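Please look over the sequence and the model first, and then read the sections in order.

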Amino acid sequence: MKYLIISDLHSNLEALSAVLASVKRKKFDRVLILGDLVGYGANPNQVVNIVRRTKQAVVIRGNHDKVACGIENGENFNRAAQASAHWTQKKLTPENRSYLSHLPQGPALVDNEILISHGTPIDEDAYIFSDYDAFEVFQMLDFKICFFGHTHLPVVYAVSNQKLYTFRPDGERVKIALMNGFKYMVNPGSVGQPRDKNPLASFAMFDSDQRTITFKRVEYSIPKTQDKILKAGLPQSLANRLAIGV
Ligand code: ZN
């Protein structure tokens with residue numbers, strides 16, 4: 001099976017379109033979408049519409065999706081995130097708001113092998129920033145491979161015999177081979193708001209027969225996206241950070 005894995009789209013139509021165009025000729029059996037379809041960017045409806053049209057997609061919700069559709073109030077959000085959440089609430093069509101409100105909470109089990117979660121497979125809102133965070137999840141839950149998002153940072157955690165290995169993919173195309181006897185937690189990075197100091201849209205592909213994961217980065221029109229954010233009256237910081245990938 002071939003999987004396309006995307007996370008943290010954040011209403012960035014240009015980035016999502018560039019990602020999908022870059023894999024246009026590839027055939028995927030499933031598209032795994034790890035939450036945060038909306039928030040921060042200026043095209044929430046367009047991005048949700050694309051996700052809704054995507055065939056063979058398995059979609060879970062992120063923390064921004066919950067606030068945008070009113071499940072949570074975003075009191076733990078910083079000011080820019082709160083402002084964009086309120087703006088998104090007003091912009092969403094009733095159909096798209098309803099779609100977001102019905103997105104399942106992670107973790108979701110896909111094809112009996114893959115777990116997908118937004119934060120961690122134990123807590124959808126928790127961040128995995130450190131080796132310790134990852135190790136704790138491996139200790140608490142048994143799975144072969146888990147794809148997660150939320151931090152916007154591409155990373156691979158692998159564990160075998162109680163030893164943890166960390167790998168941070170860096171480059172436009174990085175392919176890794178999975179090893180027998182290891183368990184994996186993998187973050188594909190963020191499509192719509194990368195934070196690893198690389199502004200290119202980030203995603204991953206998993207070939208479950210070849211046992212490989214490929215991390216990819218693609219260019220998109222950042223000035224166009226920034227322009228839309230500013231014209232929408234969203235906080236300037238949300239436009240600025242896209243150019244530097246933080
Ligand atoms: Zn996010």
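## Salt bridges

In this predicted model, a network of salt bridges links Arg 61, Lys 66, Glu 72, Glu 124 and Asp 125. The structure as a whole holds 11 salt bridges.

One of the salt bridges joins the side chains of Arg 30 and Asp 111, with an N to O distance of 2.8 Å. This pair links distant parts of the chain, since Arg 30 belongs to strand β2 while Asp 111 sits in the loop between β4 and β5, 81 residues apart. Asp 111 is partly exposed, its relative accessible area being 32%. A further salt bridge brings together the side chains of Asp 142 and Lys 183 at 3.3 Å, N to O, and here too distant parts of the chain are linked, with Asp 142 in the loop between α6 (131-140) and β6 and Lys 183 in strand β10 (residues 183-187), 41 residues apart. Asp 142 counts as exposed at 69% relative accessibility, whereas Lys 183, at 22%, counts as partly exposed.

Within helix α7 (residues 222-231), Asp 227 and Lys 231 are four residues apart, so about one helical turn separates them. Asp 227 forms a salt bridge with Lys 231, in which the closest N and O atoms are 2.8 Å apart. Asp 227 is partly exposed, with a relative accessible area of 38%, and Lys 231 counts as exposed at 68% relative accessibility.

## The zinc site

The zinc ion is coordinated by Asp 8 (OD), His 10 (NE2), Asp 36 (OD) and His 152 (NE2), at 2.1 to 2.3 Å. Because the four donor atoms subtend angles of 84 to 178° around the zinc ion, the arrangement is irregular.

His 10 lies in the loop between β1 (2-6) and α1 (13-22), and Asp 36 in the loop between β2 (30-33) and α2 (44-53), so this pair ties together parts that are 26 residues apart in sequence. His 10 and Asp 36 are both buried.

## The sheet

An open sheet is formed by six strands in the order β4-β5-β6-β10-β7-β8, with mixed pairing. The edges are taken by β4 (108-110) and β8 (163-167), each of which has a single partner strand, so one side of each is left without a neighbour in the sheet. From one strand to the next, the twist averages 20°.

Strands β5 (residues 114-117) and β6 (residues 145-148) pair in the parallel sense over four bridges, and the bridge partner of Ile 114 in β6 is Ile 145.

Notes
Residues are numbered from 1 along each chain as its sequence is written. This is a predicted model: local features need pLDDT of at least 70, side-chain atom pairs count only at pLDDT 80 or more; totals for chains, interfaces and linings use all residues. Side-chain values use heavy atoms; hydrogens and water are left out. Two strands pair if DSSP finds at least two bridges between them. Helices (H or I, at least four residues) and strands (E, at least two) are DSSP runs, numbered from the N terminus. Axes are lines fitted to C-alpha atoms, for helices over the stretch in contact, and angles run from 0 to 180 degrees between N-to-C directions. Donors are N, O and S atoms within 2.8 Å of the metal (3.2 Å for Na, K and Ca); water is not among the atoms, so sites may look incomplete. Four donors count as tetrahedral if all angles lie between 85 and 135 degrees; four count as square planar and six as octahedral if opposite donors are over 155 degrees apart and all others between 65 and 115; anything else is irregular. Buried means under 20% relative accessible area, exposed over 50%, partly exposed in between (1.4 Å probe, protein chains only). A salt bridge is a side-chain nitrogen of Lys or Arg within 4 Å of a carboxyl oxygen of Asp or Glu.
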